[in-house]
Structures are given as structure tokens and as C-alpha cells.
Amino acid sequence: GGGNCSSSLVQGVQYYKDVSANDEPVSGLMHNVFGGYKIGDIKFVAAFDVDKRKIGKDLSEAIFEKPNCTTIFQKDVPKLNVIVQKGPVLDGIAEHMKDYPPERTFLIDEKQKPVDVATELKKANAEVLINYMPVGSEEATKYYAQCCLDAGVAMINCMPVFIASNYEWEKR
């Protein structure tokens, strides 16, 4: 998703992109370089969301769209040439969200069909998918995990759905 956590990550990559191993430790980072990789090595190649205010926009713009409300600490994010594509909704939106005003809830794009995420990950030559689905999105998390398996892409699961520690998923 292109929500608050994604916004903070994209902003952070831009903010810290020039930090190297030779620099003094930087506030906000545990390590300037980790496993030989620096922040500037992170490249965004694909993005998926369900909100019509984000779909079709460059990721650098979509991260600042409503309902995002995270702190903006790096307003100048250059175009990333990554267009946010529609992912499937599944259980990615909690039922109670429809009771919120438009600026605080998701506005589903009902016109477009979701893309085939596994195919798009392959086309983008993605290496890692970061799962930032909303809490409670178990079905959606499992969908994206399966897409990663189908595309040969690693997954960092940033929400409380057991994937890596689940025996069934471990076998997959």
C-alpha cells in the first residue's frame, strides 16, 4: 500500500540517500550501511494501492495523498517513475472505515480492475515486496505473499499476520 508507512519509507530513502559507511552515525538510522547496502541503494520499482486518489500517480506524489496523515519531513521527493497500480481490495479495508469522512478513509477506485500483482512484480524486476497493508488484512497479506512466491520475490511482512512462522506457508 501507499499509506503512511510507505510515505515515511519513501521520504526516508530520499532524506538519507547520501549517507555512506564513512559518515558518522546518523540520527534516525540504526546503521548507515547494513549488509553492505546503504539507504541510497533502495530503488522503488512498483507500488499498489486501492485508493483512487493514489492510483495512476507517481509514487512520489501518491505518498502525500489523503487519507495519509503521517508527518511530512521530506517534501521534495523527486519523480520515481513508479506509477501506483490498483491492487485487489480483499480484506484490506476495515468495515468501520466507511463511517469516516473522505479525507480520513479510503476511496475505492471502482472503475479499474486490479492488476495481476505477480505479473507486475516480474515486469518491474522487483527483488523485495514490503507489505504495508492495514492491520487486520490477513487475506490481503496472504494474497501478496502468494504473489511474491509466484514472482520469485522476497517479502518483508510489516504487519501482524503470521506468514514465515506458519508451517503451511513455510512449505510453500
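**Close-up 1. Lys123 and its salt bridge with Glu120 in helix α3.** At 60% relative accessibility, Lys123 counts as exposed, whereas Glu120, with a relative accessible area of 15%, is buried (buried means under 20% relative accessible area, exposed over 50%, and partly exposed in between, with a 1.4 Å probe and protein chains only). The model shown here is predicted, so local features need pLDDT of at least 70 and side-chain atom pairs count only at pLDDT 80 or more, while totals for chains, interfaces and linings use all residues. Residues are numbered from 1 along each chain as its sequence is written, and side-chain values use heavy atoms, with hydrogens and water left out. The side chains of Lys123 and Glu120 meet in a salt bridge at 3.2 Å, N to O (a side-chain nitrogen of Lys or Arg within 4 Å of a carboxyl oxygen of Asp or Glu). Both residues lie in helix α3 (residues 117–123), three residues apart, which is about one turn of the helix (helices, H or I with at least four residues, and strands, E with at least two, are DSSP runs numbered from the N terminus).

**Close-up 2. The salt bridge between Lys79 and Glu61.** In this pair the N to O distance is 3.0 Å. Because Lys79 lies in the loop between α2 (59–62) and β4 (84–86) and Glu61 in helix α2, the pair ties together parts that are 18 residues apart in sequence. Lys79 is exposed, with a relative accessible area of 56%, and Glu61 is partly exposed, at 36%.

**Close-up 3. The salt bridge between Arg172 and Glu168.** The closest N and O atoms of Arg172 and Glu168 are 3.3 Å apart. Arg172 is partly exposed, with a relative accessible area of 48%, and Glu168 is also partly exposed, at 47%. A search of the whole structure finds nine salt bridges.

**Close-up 4. The largest nonpolar core and the contacts of Val153.** This core has 18 residues, of which Val117, Leu121, Leu129, Tyr144 and Val153 touch the most other members (a nonpolar core is a set of buried Ala, Val, Leu, Ile, Met, Phe, Trp, Tyr and Cys residues joined through side-chain atoms within 4.5 Å). The elements that give two or more residues to this core are α3 and α4 (138–151), and its largest share, six residues, comes from α4. Leaving aside neighbours within four places in sequence, Val153 is in contact (heavy atoms within 4.5 Å) with Leu121, Ala126, Glu127, Val128, Leu129 and Cys148.
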